[in-house]
Amino acid sequence: MSRRHSPDPSPDPARFPSRAASPPLPDPGAKRREIAMFLVLAVVIWPILSVAVVGGYGFLVWMSQLIMGPPGPPPV
């Protein structure tokens, strides 16, 4: 005699409430890590990134003026 249905690996939570999947417990250090990561981003990464972007733009303008000449009207 063959079985028509394979056994379900996950129990029905309505029939077995004690076997229902419980939500994971919150990590006690997650809040501290989130605050530390925010401070690293706000105090270290963003200032360095902003200086690099402004410096890169200034370098781009400087190199373009070396190649194309200074801005302004052409000499008469």
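These are my notebook entries on one predicted chain.

**Ground rules.** I worked from a predicted model, where local features need pLDDT of at least 70, side-chain atom pairs count only at pLDDT 80 or more, and totals for chains, interfaces and linings use all residues. I number residues from 1 along each chain as its sequence is written, and side-chain values use heavy atoms, with hydrogens and water left out.

**Overall fold.** I looked up secondary structure and found one helix and zero strands. Helices (H or I, at least four residues) and strands (E, at least two) are DSSP runs, numbered from the N terminus.

**Surface.** How much of the chain is buried? Buried residues make up 0% of the 76 residues. I used under 20% relative accessible area for buried, over 50% for exposed and partly exposed in between (1.4 Å probe, protein chains only). The chain exposes about 7700 Å², an area from the Shrake-Rupley method with a 1.4 Å probe. Carbon and sulfur atoms supply 70% of that area.

**Helix α1.** I checked the length of α1 next. Its 39 residues should span 57 Å at 1.5 Å a residue; the rule is 1.5 Å times one less than the number of residues. The end C-alpha atoms are 53 Å apart, which agrees. Where does α1 bend? It bends by about 35° at Leu-41. I took the bend as the angle between axes fitted to the seven residues ending there and the seven starting there. Pro-47 also lies in α1. At 34% relative accessibility, Pro-47 counts as partly exposed. Just after α1, Gly-69 takes a positive phi of about 95°.

**Aromatic pair.** I found one aromatic pair. Phe-59 and Trp-62 are edge-to-face, 5.8 Å centre to centre, with 70° between the planes. Rings of Phe, Tyr and Trp (its six-membered ring) pair if their centres lie within 6.5 Å; planes under 30 degrees apart are stacked, over 60 edge-to-face, the rest tilted. Both residues lie in helix α1 (residues 30-68), three residues apart, about one turn. An α-helix has 3.6 residues a turn, so residues three or four places apart point the same way. Phe-59 is partly exposed, at 47% relative accessibility.

**Salt bridge.** I counted one salt bridge, meaning a side-chain nitrogen of Lys or Arg within 4 Å of a carboxyl oxygen of Asp or Glu. Asp-27 and Arg-33 form it, at 2.4 Å from N to O. Asp-27 is partly exposed, at 42% relative accessibility.
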